[in-house]
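I opened my notebook to look at how the inside of this protein is packed. Here is what I looked up, entry by entry.

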Amino acid sequence: MCPIKELNYFAKDIKSENFRKEYYNDTYLDIKKYIKSGMKKTIPMAFVENLEDYESLFSNVRNEKAIGESSISYLYSKVAAKEIFKFNPKAKIIIILRNPLERAFSHYLMDLKHGYASGSFIEEIKKDQIRERKGWGISNLYIELGKYEEQIKRFTKIFPKEQILLLNFDDLKKNNKKLIRRVFNFLNIDQNVKIDLDEIHNKSKVPKNNFVKGIMKIRPLRKILRKMPNKFKLYFENRFFSDKNNPKLTEEDREFMNKYYL
């Protein structure tokens, strides 16, 4: 996998110059500088626009049987499926879907953590729905990102059925080993590849108190934190964030969201 988790290269209708300021600052990366540095540090997200840069990010590939990246914007993007097919018509596409209500709530918790949201779940949904400008990196898209049917069709219309693997996030929670075996079979790779399936990734955590919430809204400080080594970032997160303070989905939240999705 590429050392940048989400490259967003094929989502060519998503332009970083249109992003709201805080999102742009949080996702900006000097790609050429990163490549020259040897790409030793894992980066969660960047918006790569140049093909030469994109291919350079895979320059550490040797004899691996399968390589890839995992940009979630490709599902939302209206052109990514066509762009991927144009780049490599034999590409294999793995899509994992989550209950759209739970997806939106998890997204909301992440925004609370990063200082993009401060109100209740429903307040933030309503605020996002009435924004004049909408789009990736512009608004939060809590509702829009869960409209899966139209998104999946963009891939199924272009790629042969045997090149698409559609997975359910609930299956990942119930039996991750079984799901990983399906992925390995789909990619025709060694079933014995060792992966730590017990480690929990991207666990939702929110600031422990209002002081930390205030810190997370200071953009220059956030920029400094982003450039810190991963060990320091992990210490900072464990010290000042907790999943014990996470808001919980209420029946009111569920009823409100089901109006959109039923």
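The model I am reading is predicted.

**Entry 1: Glu83.** I found Glu83 in helix 5. Is Glu83 buried or exposed? Its relative accessibility is 17%, under the 20% limit, so I count Glu83 as buried. Setting aside neighbours within four places in sequence, I see Glu83 in contact with Phe10 and Lys12.

**Entry 2: the rest of helix 5.** Along with Glu83, the buried residues of helix 5 are Ala80, Ala81 and Ile84.

**Entry 3: Phe10 and its ring partners.** I went back to Phe10, one of the contacts of Glu83. I counted 19 aromatic pairs in the model. One of them joins Phe10 and Tyr54 edge-to-face, with 5.2 Å centre to centre and 75° between the planes. The two are 44 residues apart: Phe10 is in the loop between strand 1 and helix 1, and Tyr54 is in helix 3. Phe10 has 4% relative accessibility, so it counts as buried; Tyr54, at 6%, counts as buried too. Ring pairs also link Phe10 and Tyr54 with Tyr9, Phe58, Tyr74 and Phe87 into a cluster. Lys12 lies over the face of Tyr9, 3.6 Å from the ring centre.

**Entry 4: the largest core.** Which residues touch the most other members of the largest nonpolar core? I listed Ile4, Leu7, Leu57, Tyr74, Ile84, Trp136 and Phe155, out of 40 residues in this core. Elements giving it two or more residues include helix 2, strand 2 and helix 5. I also looked at Trp136: beyond its neighbours within four places in sequence, its contacts include Ile14, Phe19, Tyr23 and Phe47.

**Entry 5: helix 7.** Here I found Phe121, Ile122, Glu124, Ile125 and Asp128 buried. They line one face of helix 7, because they fall within an arc of 165° seen down the axis. Their cover includes helix 6 and helix 14.

Conventions
Residues numbered from 1 in each chain as written. Predicted model: local features only at pLDDT ≥ 70, side-chain atom pairs only at ≥ 80, totals over all residues. Heavy atoms only, no water. Core = buried A, V, L, I, M, F, W, Y, C linked by side-chain atoms within 4.5 Å. Buried < 20%, exposed > 50% of the residue type's maximum accessible area, 1.4 Å probe, protein only. Helix = DSSP H or I, 4+ residues; strand = E, 2+ residues; numbered from the N terminus. Contact = heavy atoms within 4.5 Å. Arc of directions from axis to C-beta. Phe/Tyr/Trp six-rings, centres within 6.5 Å; stacked < 30°, edge-to-face > 60°. Lys NZ or Arg CZ within 6 Å of the ring centre and 35° of its normal.
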